[in-house]
Amino acid sequence: MLNVRDKNSASHFMTLALKEAKKAEAREAVPVGAVVVRNGEAISAAGNETLDDPTAHAEILAIRGACLYLKTPVLCDCDIYVTLEPCAMCAQAISLARIRRLYFGAYDIKYGAVEQKLRVFDFALWKPEIVGGILETPCARVLQDFFEKKRTGEKDAKTICLAKEFVLRR
Ligand SMILES: [Zn+2]
C-alpha cells in the first residue's frame, strides 16, 4: 500500500505521463505516456510515436531517453510511470533496465503483460515493485476517447483494427 505522501507524488508523476499521452494523441499516436523519475525528478518523458517503428512505445522511448541522459543502461535507482499497463515488449525492457518501481495507470486486459494472463515479470531476471491503477480513470478515458473517435470517424484500417482489439478494464 502507498502512504499519502507516496500517493501524492505518484499522482504528480502520473499527471506528467498523462500530459505525454495527450501530446501523443495530438500527433495521432495511441495516447500512452511514460515518465522516468530519479530522486524525485522527472529525467525523461515520452509518448507513443507514429514513426515507422512498431517498437516506438512510450516506455521504450522514455527508457532510452533516461539511459542517454544518465549515460548508463542500468536504471536501478529510477522509477517509471506509464499511463497504461505495459505490453510484453515494454515489460521486458523495464526488466532489462532494472527499473526499481513500475507505476501504471489503466489496466489493459488484452495486451497488458503485468497483471493479466501473460505476466512477464514472473519469468524475468529482474522484477520491479509494481503499483497499478494510479489515476486509472483519466488514463483509461484518454484511450477510450481516442479509439471511440477512430471508430466513428476515420477510415484508417490499421487503427480501426487496433480499436476493435483494445479492451480496458473499465
Ligand atoms: Zn509497449
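A nonpolar core is taken here as a set of buried Ala, Val, Leu, Ile, Met, Phe, Trp, Tyr and Cys residues joined through C-beta atoms within 7 Å. In this predicted model, the largest such core holds 49 residues, among which Ala62, Ile80 and Tyr81 touch the most other members. Two or more residues each are given to this core by the helices α1 (4–26), α2 (58–70), α3 (88–96) and α4 (136–152) and by the strands β1 (33–38), β2 (41–47), β3 (78–84) and β4 (101–106). The largest share, 7 residues, comes from α1. Beyond its neighbours within four places in sequence, Ala62 is in contact with Ala34, Val35, Val36, Ser44, Ala45, Ala46 and Ile80.

The strands, 5 in number, form an open sheet of mixed pairing, with the order β2-β1-β3-β4-β5. From one strand to the next, the twist averages 15°. β1 and β2 run antiparallel and are joined by 6 bridges. Val36 has Ser44 of β2 as its bridge partner, and both residues are among the contacts of Ala62.

Helix α1 lies across β1, β2, β3, β4 and β5 and runs at about 140° to β1. Its 23 residues should span 33 Å at 1.5 Å a residue, which agrees with the 33 Å between its end C-alpha atoms. Buried positions in α1 are Ala10, Phe13, Met14, Ala17, Leu18, Glu20, Ala21, Ala24 and Glu25. An α-helix has 3.6 residues a turn, so residues three or four places apart point the same way. Following α1, Glu28 has a positive phi, near 70°.

Notes
Residues numbered from 1 in each chain as written. Predicted model: local features only at pLDDT ≥ 70, side-chain atom pairs only at ≥ 80, totals over all residues. Buried ≥ 20, exposed ≤ 12 C-beta atoms within 10 Å, placed from the backbone. Helix = DSSP H or I, 4+ residues; strand = E, 2+ residues; numbered from the N terminus. Contact = placed C-beta atoms within 7 Å. Expected span 1.5 Å × (residues − 1). Pairing = 2+ DSSP bridges. Axes fitted to C-alpha atoms, helices over the stretch in contact; angles between N-to-C directions.
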